[in-house]
Amino acid sequence: MARRRSFDVTRLPGFTAIAILAFVLLYAPIVTLVIYSFNGSSSVNLWGGFSLQWYRIAFENEAVQSAAVRSFVIAASASMIATTVATLAALGTTRRGKFPGQTIIYVMINQPLMVPEIVTAVALLIFFASIKIATGYTGLGYLILAHSAFCVPFAYLPIRARLEGMDSAMETAAADLYASPVQTFRHITLPLLMPGVLAGAMLAFVISLDDVIITEFVKSAGQDTLPTYMLGQLRRALTPEVNAISTVLLAVTIVILTAFFLMTRKRD
Amino acid sequence: MRAKTHRRSKGLNGWLLSLPALVLLLIAASGPLLIVVIYSFLEPGDYSGVRWTFSTDAWFRILFQRDIFDGTVSLADANLSIFWRSVKLSLATTLIAFVLGLPTAWFIATRTPAARAVWLFLITIPFWTNLLIRTFAIMEVIRNQGLMNTALINLGLIETPIQVLYTDTAVLIGMAYVYLPLMVLPLFAAIDRFDFKLIEAGYDLYASRMGVLRRVVLPIIRPGIVAGCILVFVPSLGAYVTPRVLGGGKNMMIGNFIELQFGQGQNWPLGSALSMVLLIVVLAALLIYTRVSSRDDPNG
């Protein structure tokens, strides 16, 4: 009963109403978008009954197919690279006390979170443009490199959080039993760290999959990813095809996020 | 002596293990920023790119223009109006996000732990959802044949659709929509740590509702407020996708103006100088944030 009373005290007038309104405002557009992806009509303005035709059209569209494959290849490569270097960096900067220059490492790693994306995009455009001229190479490497870099902080944070919460007693025990540092890492540290590594890889994957600005500036001709393809479509007449692609991307994001939350919650 | 060597090897290992990440970031994040600084002090090339001649013209042209015929210098009104629009829209976005975000964060923080996890997850989904998808979703709602206008017409409130899309209002609505989760999450983190017994203590000591709010609640959650406002203001100021899609090319913000210099405008040095200005403003905002949060941190 005492609990209830304190609840009444903390409830400020109108706060609950505004909060509910905020949730409705957040979800109404997304739900509308998803519903209209199942629209049987060819117009975005009229509802023509439930249909999967826009999914079929999107799936059969070669531009969409290649953009989807490209998005996946870039996201998978970038999240793998980012997670690998972030794991090493987390091992280097956590649980060993302060060392000279640690702040510089933190600032460097978190730099992609601080610098506006448009500025990084412009910088990479200039930089890669001159490399493209010098080497003649115009492949996916630039996009993978750029994505790997801005994914590093997203991979680093969950891994570091996991490391900080880990007890070092097991590793000490392994070392006491004459395990070499490599063995200790391979059989003790890495398995314990794995949930953090997976969580980091998932976030990096989602971040890479969602990127628009940097991709738009760095990509060479014919290197559209799903988001840049959609951005290009918006200039033309709207069709529910974009809704269908959005819904698929949304579903992928929600699945990965749910897995992420289940995995990080187990830790608590 | 041994302790010192140990400490040095710890530092060395730390640097060695971080090295791959640092090299990657140096190549594809920090390093190229230095090139932007250099480019901002060069002359534009004939079609695109730069000519390797030192010039401060790009920085000059951010604020001023020189008349081609008589060489008189005046303020570059077009640029100023874009800067003003960016700042104005970003501030308005921050305000709207705060007005909606504070009650939302408060609501989530006062639920039972199980319900709190669910509400928090509901905030996190839009946070991680593709920005373009969310911009596209809000576009569907506010366009002339969209949900909003159709509903208003069916209710008999208006006769013809209100043109919201491709106006500053559309950009504002869009940015408030896409950045709202960035306001809610840090506010929630601050309110969540708040001990609600302090409110009862305040009431027990005969403080009024406003008194409790101003003297007890506000000072404790202030770091969260600052964090939320900075986290919304910073990406709003550098926004590119939302103004491009919802502003329809006419209502540019600084991000779109920068892109223009690398597209049809073809003035790479000016684009570089503008990027630096944006970066400096953003870093200043972040610096204020770290100052305020370290001052408010009870642990030191």
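How many residues of domain 1 of chain A are in contact with domain 2 of chain A? Six residues of domain 1 touch seven residues of domain 2, where contact means that the C-beta atoms of two residues, placed from the backbone, lie within 7 Å. The structure is a predicted model, in which local features need pLDDT of at least 70, side-chain atom pairs count only at pLDDT 80 or more, and totals for chains, interfaces and linings use all residues. Residues are numbered from 1 along each chain as its sequence is written, and chains are lettered from A and ligands numbered from 1 in the order in which they are written.

In chain A, domain 1 covers residues 11–51 and domain 2 covers residues 62–267, with bounds that come from an automatic or database domain assignment. Taken over C-alpha atoms, the centres of the two domains are 30 Å apart. The side of domain 1 that touches domain 2 has four nonpolar, two polar and no charged residues. In this classification Ala, Val, Leu, Ile, Met, Phe, Trp, Tyr, Cys and Pro are nonpolar, Asp, Glu, Lys and Arg are charged, and the others, Gly among them, are polar.

We turn next to the contact between the chains. Chain B gives 67 residues to it and chain A gives 72. On the side of chain B that touches chain A, α1(B) contributes the most, with 23 residues. By class, this side of chain B holds 48 nonpolar, 15 polar and four charged residues. Among the elements that give two or more residues to it are α3 (77–109), α4 (113–128) and α5 of chain B. Helices here are DSSP runs (H or I, at least four residues), numbered from the N terminus, and strands are runs of E of at least two.

Because 12 of its 12 residues are buried, α5(B) is largely enclosed by the rest of the structure. Arg134(B) and Glu140(B) are among these buried residues. A residue is buried if 20 or more other C-beta atoms, placed from the backbone, lie within 10 Å of its own, exposed if 12 or fewer, and partly exposed in between.

The largest nonpolar core has 153 residues; such a core is a set of buried Ala, Val, Leu, Ile, Met, Phe, Trp, Tyr and Cys residues joined through C-beta atoms within 7 Å. Helix α7 (residues 168–193) of chain B supplies the largest share, 18 residues, while domain 1 and domain 2 of chain A each supply at least three. Ala155(A) and Leu180(B) are among the members that touch the most others. Leaving aside neighbours within four places in sequence, the contacts of Ala155(A) include Ala82(A), Ala86(A), Gly200(A) and Ala204(A).

Finally, two tyrosines have a positive phi. Tyr178(A), with phi of about 65 degrees, lies in the loop between α8 (169–176) and α9 (181–210) of chain A. Tyr178(A) counts as exposed because it has 7 C-beta neighbours inside 10 Å. For Tyr166(B), phi is near 70 degrees, and the residue sits in the loop between α6 (147–154) and α7 of chain B. With 19 C-beta neighbours inside 10 Å, Tyr166(B) counts as partly exposed.
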